[in-house]
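Thank you all for making time this morning. I would like to walk you through one structure, slowly, for those who have not seen it before.

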Amino acid sequence: MSCRSLADRIDALLPQTQCTKCGYDGCRPYADAIAEGAAPINRCPPGGDEGIAALAALLQTPALPLDLERGVPGPLLVARIDESHCIGCTLCIQACPVDAIVGANKHMHTVLSDWCTGCDLCVAPCPVDCIQMVPAGRVWSEQDATISRQRHRSHLVRAERLAADNARLMEPETPQASIAAPPPSDDAQQEDRKRSAIESALARARARRSNPTQS
């Protein structure tokens, strides 16, 4: 059995809440670490003792007590936003690993409770403390785990694409060789003005990011 196929099997037993309580950035990195022998099997509070027993059986290793320093198991909770106090900062949207929060900048956000994994990663970033974790009234199923895994993968792909786009926007312009060129046409002048306006807007955005007190 290859290390990759073993990691796949381990990942299939994890709850896919992507809560990071195990100390890794999601269930798959934790599965990889277990497969490589770099992490014990008892760091997943959402999986609880049942999850540990399943991992122990797969790996043919003794079960371990749950590491309670990572958290305690309990009923499924979901995030709820007090929409009357939401300021639309989008920090919770950025924190959600499965895109279960929808909204726009400076507009009210709301949680898609059927998608929420109960990871509570959205709670800490909220600057106005308007997010609470409340009982979901249901149990987390294998189907939930499968769908959550897919949503998390899509979230990571989109985050990588946005990061690459932002990196390209922040790259310094490549100096062009000084060569004689014909006088620009009206269309070229208009494009130059558009490009200059875009560059100016990007410069202002960079300045706000580097010095948020001026925004």
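I will begin with the overall layout, then turn to the cores, the surface and finally the cysteines.

Please keep in mind throughout that what you see is a predicted model. The chain has 215 residues, and buried residues make up 30% of them. Its secondary structure comes to six helices and four strands, and if you follow the elements from the N terminus, they run α-α-α-β-α-β-β-β-α-α. Among the contacts in the chain with a separation of 6 or more, 58% are between residues 24 or more positions apart. The accessible surface amounts to about 13,900 Å², and carbon and sulfur atoms account for 55% of that area.

Let me move to the inside. As a general point, nonpolar side chains in soluble globular proteins tend to be buried together. In this model the largest nonpolar core has 18 residues, and the members that touch the most others are Ile10, Leu14, Tyr30, Ile34, Ile41 and Leu55. The elements giving two or more residues to this core are helix H1, residues 3–13, helix H2, residues 27–35, and helix H3, residues 48–59. Which of them gives the largest share? That is H2, with six residues.

There is also another core, apart from this one, with 16 residues that include Val78, Cys92, Ala100 and Cys126.

If we leave aside residues up to four places away in sequence, Ile34 touches Ile10, Ala39, Pro40, Ile41, Leu55 and Leu59. Just after H2 comes Gly37, which takes a positive phi of about 75°.

Arg149 sits in helix H5, which covers residues 142–170. Is Arg149 buried or exposed? With a relative accessible area of 15%, Arg149 counts as buried, because the cut-off for that word is under 20%. Again not counting residues up to four places away in sequence, Arg149 touches Asp11, Ala12, Gln16 and Gln18.

Finally, the cysteines. A disulfide is a covalent bond between the sulfur atoms of two cysteines. How many disulfides does the structure hold? The number is zero. Cys19 is in no disulfide, and the nearest cysteine sulfur, which belongs to Cys44, is 6.0 Å away. Cys19 is also buried, at 9% relative accessibility.

Terms used
Residues are numbered from 1 along each chain as its sequence is written. This is a predicted model: local features need pLDDT of at least 70, side-chain atom pairs count only at pLDDT 80 or more; totals for chains, interfaces and linings use all residues. Side-chain values use heavy atoms; hydrogens and water are left out. A disulfide is a pair of cysteine sulfur atoms within 2.5 Å. Buried means under 20% relative accessible area, exposed over 50%, partly exposed in between (1.4 Å probe, protein chains only). Contact means heavy atoms within 4.5 Å. Accessible areas come from the Shrake-Rupley method with a 1.4 Å probe; for residues, only the protein chains shown count as cover. A nonpolar core is a set of buried Ala, Val, Leu, Ile, Met, Phe, Trp, Tyr and Cys residues joined through side-chain atoms within 4.5 Å.
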